[in-house]
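Reader: I have a model open and want to learn to read it. Can we go through it step by step?

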Amino acid sequence: MVIEVCVGSSCYLRGAPAVIRILESLITKYGLEEKVVLKGSFCMQQCTQGVTIRIDGAIHSGLSKEDASRLFHHIVLPSLEAAGGED
Ligand code: FES
């Protein structure tokens, strides 16, 4: 799974670094370093919406730190579990 966080200037100013930190800490907490790639991305053309991330190609915008944590628990973890198994 790939999670891209927009680090364009608008998202950056609206809190992208905090969103990256929380996602990093959740990935570490759940031991998902091997399964989830977290990376920065150029502007996703959603600048007016607030911090924008893309999870496996699906865009989510207007995120606070809390929203990022919620997405992690409601989208990332379940879809990793659905993909399933030990690996
Ligand atoms: S700067 Fe993030 S969508 Fe444009």
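Reader: Is Asp67 buried or exposed?
Author: This is a predicted model. The relative accessible area of Asp67 is 18%. Buried means under 20%. So Asp67 is buried.

Reader: Where is Asp67 placed, and which side chain does the side chain of Asp67 join in a polar contact?
Author: Asp67 has its place in helix 3. A polar contact of 2.9 Å links the side chain of Asp67 to a partner. That partner is Arg70.

Reader: Which numbers describe how helix 2 and helix 3 cross?
Author: Two packed helices are described by the angle between their axes and the distance between the axes. Helix 2 covers residues 16-29, and helix 3 covers residues 65-83. Their axes come within 9 Å and cross at roughly 35 degrees.

Reader: What is the handedness of the crossing of helix 2 and helix 3?
Author: Look at the crossing of helix 2 and helix 3. Its handedness is right-handed.

Reader: Which residues make the contact, and from which helix?
Author: Helix 2 brings Ala18, Val19, Ile22, Leu23, Leu26 and Ile27. From helix 3 come Lys65, Ala68, Ser69, Phe72 and His73.

Reader: How many residues of each class are in the contact of helix 2 with helix 3?
Author: Sort the residues of this contact by class. The counts are eight nonpolar, two polar and one charged.

Reader: Is Ile22 buried, partly exposed or exposed?
Author: Ile22 is found in helix 2. Its relative accessible area is 25%. Buried needs under 20%, and exposed needs over 50%. Therefore Ile22 is partly exposed.

Reader: Leaving aside neighbours within four places in sequence, which residues is Ile22 in contact with?
Author: Set aside the neighbours of Ile22 within four places in sequence. The contacts of Ile22 are then Lys65, Ala68 and Ser69.

Reader: How far apart in space are Ile22 and Cys6?
Author: In sequence, Ile22 and Cys6 are 16 residues apart. In space, C-alpha to C-alpha, the distance is 14 Å.

Reader: What is the phi of Gln45?
Author: Most residues other than glycine have a negative phi. Gln45 is found in the loop between strand 2 and strand 3. Gln45 is not glycine, yet its phi is positive. The value is near 65 degrees.

Reader: And what is the phi of Asp56?
Author: Asp56 lies in the loop between strand 3 and strand 4. Asp56 is not a glycine either, and its phi is positive. The value is about 45 degrees.

Reader: Is Asp56 buried or exposed?
Author: Asp56 has 51% relative accessibility. Exposed means over 50%. So Asp56 counts as exposed.

Note on methods. Residues numbered from 1 in each chain as written. Predicted model: local features only at pLDDT ≥ 70, side-chain atom pairs only at ≥ 80, totals over all residues. Heavy atoms only, no water. Helix = DSSP H or I, 4+ residues; strand = E, 2+ residues; numbered from the N terminus. Buried < 20%, exposed > 50% of the residue type's maximum accessible area, 1.4 Å probe, protein only. Axes fitted to C-alpha atoms, helices over the stretch in contact; angles between N-to-C directions. Left-handed = near helix turned anticlockwise from the far one by under 90°. Contact = heavy atoms within 4.5 Å. Nonpolar A, V, L, I, M, F, W, Y, C, P; charged D, E, K, R; others polar. Polar contact = N/O pair within 3.5 Å; in protein donor to acceptor, adjacent residues only side chain to side chain.
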